[in-house]
Amino acid sequence: MPRRFDKLPRMFLTLLAAMLVGLVLEAEGLKVWAERLEVGPLRSVAEPVTQFWHETAQVFGAEVPRRLALAGKASLADGFSGQPTLLVQRDTPEPVVPAALQSEPASPTAQTSEPLVAASRPLASAAPAAQRPLAAPSGTQIVLAGDSMMAVGLAPTLRRGLGDGQSVRIIKAYRSGTGLARPEVFDWLAQYPQMLGETRPAVVICSLGANDGQNVQLGKQVLEFGSPEWDAFYRARLTAYLDLLTRDNTRVLWVGMPVMRAPSFARKMQHMNALVQDVLKAYPMVSWLDPNPALGQEKGSFAQFRANERGKLIKLRADDGIHMTDDGALFLLPGIRSWLEQQLPSA
């Protein structure tokens, strides 16, 4: 019996050591987590603590195994797809840019004489169609931009449904956990040009904003989400981002946020959609796609499943009640293909 109790302290010390090693290896991840917390007491405490922990771990090179593991995971993910893709900026250090609003954001460029209503024109969506390569000139480049709303469900479906590596080349310009509201965490205005490099895409498909429904801090001032001050801040950020997307007369399809399961989050995304659509009116090169009709949620109620044309229930949304599944995103594919066929010259 005494021997059994002797093992308990050793077991405790082993578990404590394992936890300590895990915290050291994940120091960088913890720092990123703290930076992305919404403005508030928790972030005020977590950010300096995780920053100190990360700096301490860097002294011993503890972040190297984590970065190697992430790089290997990304390489495997690309290899399994069987299709050549361009992934820019894989697990490279992200520059930290001060959270400051430009005093004079870039103004919308008058790119065509089309009526402004074209910017918010909804696209019809139908049931999923048979996948076939997109009829486009060989080498056509299509950028997929945004946050995890693009990365999860939508991007994998578009890569398969548009024939990535055949007539078109898909350029990945999305990063999960990011948005326009927190440039001190990830500044899209600085990062997007780096992601593209010398690439000049024919079109851009963007889904962004799921992480932006939060308060932001400018210096000592906290802008409350949905307030006039917050809306003005976000309009300026969105305007500057759209100027980047539409440079060189590039046409853009902006996929709005679907209805979310949590009522409070759903209301935030409804506000985001209305704000984005209003800004898009100044951009005739940008079309708006409301995903809710295709998902059977046009009445504003969340549904995780819907029946296909054969009556089989299809899981539309992930268990988090936020992201689309691959099968759910497939319902958006016909509308997106139709839009692309109108924008791209025939093969």
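Trainee: Where is the place of Thr246?

Mentor: Thr246 sits in the loop between helix 8 (228-245) and strand 7 (251-255). Helices (H or I, at least four residues) and strands (E, at least two) are DSSP runs, numbered from the N terminus. This is a predicted model, where local features need pLDDT of at least 70, side-chain atom pairs count only at pLDDT 80 or more, and totals for chains, interfaces and linings use all residues. Residues are numbered from 1 along each chain as its sequence is written, and side-chain values use heavy atoms, with hydrogens and water left out.

Trainee: Is Thr246 buried or exposed?

Mentor: Buried means under 20% relative accessible area, exposed over 50%, and partly exposed in between (1.4 Å probe, protein chains only). Thr246 has a relative accessible area of 2%, so it is buried. A polar atom of the Thr246 side chain lies 2.7 Å from the backbone oxygen of Leu242.

Trainee: How should I read aromatic pairs, and how many does the structure hold?

Mentor: A pair of aromatic rings is described by the distance of the centres and the angle of the planes. Rings of Phe, Tyr and Trp (its six-membered ring) pair if their centres lie within 6.5 Å; planes under 30 degrees apart count as stacked, over 60 as edge-to-face and the rest as tilted. The structure holds six such pairs. One of them joins Tyr192 and Tyr241, edge-to-face at 5.9 Å centre to centre with 80° between the planes. That pair links distant parts of the chain, with Tyr192 in helix 7 (residues 188-196) and Tyr241 in helix 8, 49 residues apart. Tyr192 is buried at a relative accessible area of 1%, and Tyr241 is buried at 0%.

Trainee: Why is the pair of Phe225 and Trp230 edge-to-face?

Mentor: Their ring centres are 4.6 Å apart and their planes stand at 70°, so the pair is edge-to-face. Both Phe225 and Trp230 are buried.

Trainee: Which residues do ring pairs link into a cluster?

Mentor: The cluster consists of Phe186, Trp188, Tyr192, Tyr241 and Trp254.

Trainee: What do the buried residues of helix 11 pack against?

Mentor: Contact means heavy atoms within 4.5 Å. In helix 11 (residues 333-343), the buried residues are Leu333, Pro334, Gly335, Ile336, Arg337, Trp339 and Leu340. Their packing partners include strand 2 (140-146), helix 6 (154-161) and strand 7.

Trainee: And how much of the protein chain is buried?

Mentor: Buried residues make up 45% of its 347 residues, and the chain has 11 helices and 10 strands.

Terms used
A polar contact is a pair of N or O atoms within 3.5 Å; within protein, one must be able to donate a hydrogen and the other to accept it, and residues adjacent in sequence count only if both atoms are side-chain atoms.
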